[in-house]
Structures are given as structure tokens and as C-alpha cells.
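Student: Hi, could you walk me through this model? I'd like to ask a few things as we go.
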Amino acid sequence: MREKILQLLRESDGFLSGQEICKQFGVSRTSIWKAIRQLEDMGYEIEAVRNKGYRLCSEPDLLTAERVQKYLHTEWAGRRLIFLDSVDSTNNEVKRRAEAGAEQGLLVIGEQQTAGRGRRGRAWESPKGDGIFMSLLLKPDIAPVHASMLTLVMGLAVRDALVALGVSDVQIKWPNDIICSGKKVCGILTEMSAQMDYINYIVIGVGINVHNRDFPAEVEHMATSVFLQTGKKICRAQLAAECMLQFEKYYAVFLQTENMSGLLYIYQMHLVNRGRQVRVLDLKKDYTGVARGINADGELLVETEDGLRTVSAGEVSVRGVYGYV
């Protein structure tokens, strides 16, 4: 009943009278009223006017497998799609399914994560209804040493997806953050199961702040969301699907050389660190320098007083000397 009433409201150009709905389904006005209340509880905005009826004003941004599939135009990425209302972490879920034999291209999306995490074990806030939390399973025939570059490949994909949906001033902060107006809007976490010279599987997790209107005090100075940047609510399902489309495109280029040589120019063009003073938080000793871009192996090039140094993504964190970037 509820879904049928919702469909009628969607198809109506204006107000739909309660009497007309009653006739359509042969139910009482009380039943109609209850169904309308249920829809409102789900986030649908419905205007009710005496002697006119009901009018659908706006719909909630529901993130479901069906809605993502509606926008999905990939050959393999995300074609096997699992949506979970709540999960400890989408990366964990994909790893569990990979161990059970899941194929490449599996995409797990969670409406909420109860134990989301970022790089180096940091916690990742995963509020229900605000973000996109998804993980993609890969089983590439590449050397394990090349796996970390896939974080950079996904960074390009997310950056292009955000731009495609109308977000401006989107850049990449090496190695795993997407930046809007100097603040973090997305984080990427790549994890691998491998032998000495063979990859069992790779999981790339993506967390995007979409509808968030505020953040905890400890991160509000460096975090932002698509809504805060645009003032608009975009379709999360469409953004998730667009990320998969863009990743599939860049991944194909990456596989041709198993490094960033084919993507070097475009990555450098969107690298927010480039030409900036950065502080490298090394396990042995921190140091500062000027970021000069990346090399074909995806390493950050930092010019210091002692010469040019290469920084590997798995070893350190990089911060701007005068701010987050």
C-alpha cells in the first residue's frame, strides 16, 4: 500500500486528493493517512492541504543496491553489489567474502559503519544517511609491490566522479585523500592479502562525506562534505556508481604498465601537494620540503635541503606545513 501510494504521488503533477486515493485502492482515509505518516517517517516530504489532498515535495536520498544499479554503467566494477544497512566496516566485509571465494568486482556498500577506519588505524566517522562507505574487491595479476598505487588510481576516480556531479575545486592530497577547498571530503584505504610474489586479493575502501552538515570538534577544521561545498544534496547512489565507472577507466590504463606512467600527467594536474611545503611524518625522523609531484611508481617527490627524496605511501603521512594541505 505504502509503495503504491508513493508511486501515485510521484506520477501526480500536483495535489492528489485523499478521496481519489481511497477509490484507487478501496481503503479508508485513515489507512491513507497512516501510509502517508510512514512515508514521512522514512524521510519523504509530503504536503497535506485540506480540500486539495497530498503532494510529494521531496524524497530522501536512499542508498540501496537497486538505486546504485540504476546508475551503474560499468562492465565489471560493482556489477556484483551488496548493500548492508549496518556493517562493522565495508573493507572487513569484502575481505570476509573474498576469503569465501568472491570474484573481482564485488562492491559492498554500507549505509552505516560501526567500526570504520582510515589509514594507519585511525577511526573514520560513518554516520547513517550522510555518507558513502563502500569497498571494491580486486584480484589483479600484478606484483604485490605495485598494489599501493591503486589508492592513487581510486583517488583519480573519486575526484572525477565528484566533478561529474557538480562539485568544484576538487583535488587530490597524496596519497589517499580527496580535498575540496582545502578540506578533506573523502578518504581511501587500500588493503591487500598476498604471498611473497602473488596477490590473493586487494580491497579498496572509499569513504565520502556527502550530506554531513557538521563534524566533531577535533576534525571540523580539516573536514568538509559535498553538501557544505555545494549547498545541495546530490544523489549518493549516482555518485557511488560514477566512482565505479571512473575507476574502471583508470584501472585499465594502470594495468597496461602496472604503474602510474600512463596517468602521471593527469594526477600531477590535480595534486594539491604539488609545489607546496610539506612535513613528512617519518617513523625515524620527520622532515620538511617542497612536494614536486609523484614518479611513475606513485611515490611522492619531496625536495629537501639535502636533495630530492622519494616518499612511499605505506611508510609515512604527509601534512602541509601551514595547514592540512
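Predicted model: local features only at pLDDT ≥ 70, side-chain atom pairs only at ≥ 80, totals over all residues.
Student: Thanks! Which residue forms a salt bridge with Glu40?
Tutor: That's Arg37, with the closest N and O atoms 2.7 Å apart. A salt bridge here is a side-chain nitrogen of Lys or Arg within 4 Å of a carboxyl oxygen of Asp or Glu. Both residues lie in helix α3 (residues 29-41), 3 residues apart, about one turn of the helix. Helices (H or I, at least four residues) and strands (E, at least two) are DSSP runs, numbered from the N terminus.
Student: How many salt bridges are there by that rule?
Tutor: The count comes to 12. Among the residues involved, Asp88, Glu93, Arg96 and Arg97 are linked in a network.
Student: And what does Arg236 pair with?
Tutor: Its salt-bridge partner is Asp61, at 3.0 Å from N to O. This pair links distant parts of the chain: Asp61 is in the loop between β2 and α4 (65-71), Arg236 is in helix α8, and they are 175 residues apart.
Student: Are those two buried or exposed?
Tutor: Asp61 is buried at 17% relative accessible area, and Arg236 is buried at 1%.
Student: New topic: where is the cis peptide bond?
Tutor: It runs from Trp174 to Pro175, with omega near 0°. Pro175 sits in the loop between β6 (170-173) and β7 (177-180).
Student: What about phi at Ser181?
Tutor: Ser181 has a positive phi of about 50°, although it is not a glycine. This serine is in the loop between β7 and β8 (183-194).
Student: Last one: how do β1 and β2 run?
Tutor: Strands β1 (residues 45-49) and β2 (residues 53-58) run antiparallel, joined by 5 bridges. Two strands pair if DSSP finds at least two bridges between them. The hairpin has 3 residues between the strands, and Asn51 there takes a positive phi near 70°.

Definitions and conventions. Residues numbered from 1 in each chain as written. Heavy atoms only, no water. Buried < 20%, exposed > 50% of the residue type's maximum accessible area, 1.4 Å probe, protein only.
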